[in-house]
Amino acid sequence: MRRVMNIAPARGSGMLLAAIPFFLIVVIYIIGSAERRAANPDDKLLPPVSEMVQTTQRLATEPDRRSGDYVLWTDTAASLRRLGLGLGISTLVGLGFGLTIGLLPIIGASFGTIVAVISMIPPMAMLPILFIVFGLGELSKVMLIIIGVAPTLIRDMSIEVQSLPREQMIKAQTLGASTWQVAIRVVLPQIMPRLIKSVRLMIGPAFLFLISAEAIASDVGLGYRIFLVRRYLSMDVILPYVAWITLLAFALDYLLGLFARKTFPWAYVEEPR
Amino acid sequence: MSALSFRNVWVEYGSQIVLERINIEIASGTFLSVVGPSGAGKSTFLRLILGQERPSQGKVLLDGEPFPAEPGPDRGIVFQRYSVFPHLTVLGNVLVGYEFEQRPLTARLFGAARREAIEKCEAMIEGVGLAEHRDKYPSALSGGMQQRLAIAQALARRPRVLLLDEPFGALDPGTRAQMHALIKPLWRDLKMTIVMVTHDIKEAFGLATRLIALDKPRRDPQAPGRFGAKITYDLDLTRHGPVPVLGFLKAVAVIG
């Protein structure tokens, strides 16, 4: 008898195995929804799939009666814009500061500790301050994402820089490289795969901060919408929105992973998958 | 010209003395082997030349001049590991030296300058026998090939002194013999000074024209850090005579 730990699924059956949990969730939902509808025709908690499809179709293809917007798309555009700005700026800040702190001992000594402390501030506790300082507009929402994401990225990047073998830094110097040249030709390319990995992991927190900020003060956005319709128990809107947000996050994660593999093939040589 | 001199050099870490009273003149074009037990300061000796470390007392001079206390292009190095850049191909690893030299701001060459540099690189890569692997990343190369790449890379900037820090220590005996056959003609053709730290006594005798042994001649069991290592043997291997080494050509014909 082979050990269970040595039994690996083949490619085809692997995909099948991956599909099973999704299938189970759908089946359980459909059964549950049908049961509740049978007991109470006005049930709002588990709307049937057909109703959700109908609502989604209305939100995606028909202009809103009051504002004339295609609600799903305007919400998506507004949220993705905030998320993109927040994550993008955090990435640049994380990379720039992280590289400098990791590479230059003077900067590391000056700013390493303060970054470690700042990264421990709970970002949600900062939200009222952001609303007071930056107002209720776009800026405070983007700032919340940056405050939540950037310090972690800075720390992660500086640790990654410091974990590069000392030999490589010496070697580069014996090839005549200046500090700047070491930064752009030796350090930067080698920490890029890690940066993308970290940004992928930060997509979850970034969405958390985005939806929280939108829920509290906004007039458009995915998070605003689900918290708005919560008052009417509109599960037929909330559930598709949650699924849509999940899909967006998953797609972003997947695309970043694909990009990293294409751009930095050398970093993925030894990975089994 | 690339003569090295150590003038009364001491290295101390706090109360621990690593090297004491090192005085040695290394003539230009010498192939110097440094042997000794672990902890006898061989690597410290190398780091002094590299500029990674400063003597607590005394001076290290290159051609009679002190040099800045940081690594520079006049002193190349090959480490036992991590010597090549994993994110660059074989060609990129050698090319990057020229790119550092010619483009201070972008450190990248394009167009005609790049083609010219690539030509020089290809000669180096050819010289160490990696021509057919020029577009591979180091992770796809064997240990021996990576070390050959490291040598080609170190030689790209034509250093006056080449430092080898146990460069062949991690290789199997067959590959090591190939590396010996490679390094000797390179040293002869490029007329540079080589300082090699090694644990392999046969290698030390076989390749070098001069050999020094570092060891602690005095020990105080109550204070192990009290006495540092000195040069306990200094052998000239160019003379005819007393040190035959099996499997190596004698260095006699080489130095002129």
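**Entry 1: a residue in a strand.** I began with B:Arg21, which lies in strand S2 (residues 16-26) of chain B. I kept in mind that this is a predicted model. I looked up its phi next: for B:Arg21 the value is near 45°, positive in a residue other than glycine.

**Entry 2: a residue in a loop.** I then turned to B:Lys191, in the loop between H5 and strand S8 (193-197) of chain B. Phi of B:Lys191 is near 55°, again a positive value in a residue other than glycine. B:Lys191 counts as exposed because it has 12 C-beta neighbours inside 10 Å, and the cut-off for exposed is 12 or fewer.

**Entry 3: the two domains of chain B.** I saw that chain B is divided into domain 1 (1-74 + 160-256) and domain 2 (85-158). Their centres, taken over C-alpha atoms, are 27 Å apart. Where they touch, domain 1 of chain B gives 13 residues and domain 2 of chain B gives nine. Which helix gives the largest share of the domain 1 side? I found helix H5 (residues 173-190) of chain B, with seven residues. By class, I noted 11 nonpolar, two polar and no charged residues on that domain 1 side.

**Entry 4: chain A meets chain B.** Last, I looked between the chains: 20 residues of chain A are in contact with 26 residues of chain B. On the chain A side, helix H7 (166-174) and helix H8 (179-216) are the elements that give two or more residues. I sorted that side of chain A into nine nonpolar, seven polar and four charged residues.

Terms used
Residues are numbered from 1 along each chain as its sequence is written. Chains are lettered from A and ligands numbered from 1 in the order in which they are written. This is a predicted model: local features need pLDDT of at least 70, side-chain atom pairs count only at pLDDT 80 or more; totals for chains, interfaces and linings use all residues. Domain bounds come from an automatic or database domain assignment. Two residues are in contact if their C-beta atoms, placed from the backbone, lie within 7 Å. Helices (H or I, at least four residues) and strands (E, at least two) are DSSP runs, numbered from the N terminus. Ala, Val, Leu, Ile, Met, Phe, Trp, Tyr, Cys and Pro count as nonpolar, Asp, Glu, Lys and Arg as charged, and the others, Gly among them, as polar. A residue is buried if 20 or more other C-beta atoms lie within 10 Å of its own, exposed if 12 or fewer, and partly exposed in between; C-beta atoms are placed from the backbone.
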